[in-house]
Amino acid sequence: GIHLAFQTTLKSNETIFESEVMLYPIRQHTLFQLMNEIGFSEIRSYGSFDESPFVHDDSIPLIMKGTKR
């Protein structure tokens with residue numbers, strides 16, 4: 001499937017930390033369904049960690065929050 005390689009480099013004084021994480025795109029409704037299927041309730045989606053609303057065409061991150069049943 002489609003995935004993105006997210007590469008980071010952090011430089012602190014003379015130390016360099018490098019990392020790569022594979023990101024897999026998933027749509028809001030698909031993630032909502034998966035969370036519901038595995039036992040989450042009160043599922044909410046946000047456009048950032050400050051819990052601002054998720055706006056499909058404008059929000060870059062998708063933050064999901066739920067309560068495990």
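A residue is called buried when its relative accessible area is under 20%, exposed when over 50%, and partly exposed in between (1.4 Å probe, protein chains only). This is a predicted model, in which local features need pLDDT of at least 70, side-chain atom pairs count only at pLDDT 80 or more, and totals for chains, interfaces and linings use all residues. Residues are numbered from 1 along each chain as its sequence is written, and side-chain values use heavy atoms, with hydrogens and water left out.

The protein has one helix and four strands, in the order β-β-α-β-β from the N terminus. Such elements are DSSP runs numbered from the N terminus (helices: H or I, at least four residues; strands: E, at least two). Of the 69 residues, 13% are buried. The C-alpha atoms fill a box of roughly 45 × 30 × 30 Å along the principal axes.

| Residue | Place | Relative accessible area |

Leu4 belongs to a nonpolar surface patch with Phe6, Val21 and Leu23, and together they have about 360 Å² of accessible area. Strand S1 (4-12) and strand S2 (15-23) each give two or more residues to this patch. Patch residues have over 30% relative accessible area and no salt bridge, and nonpolar side chains are joined within 5 Å. A salt bridge is a side-chain nitrogen of Lys or Arg within 4 Å of a carboxyl oxygen of Asp or Glu. Accessible areas come from the Shrake-Rupley method with a 1.4 Å probe.

Definitions and conventions. Patch = residues over 30% accessible without salt bridge, like charges linked within 9 Å, V, L, I, M, F, W, Y side chains within 5 Å.
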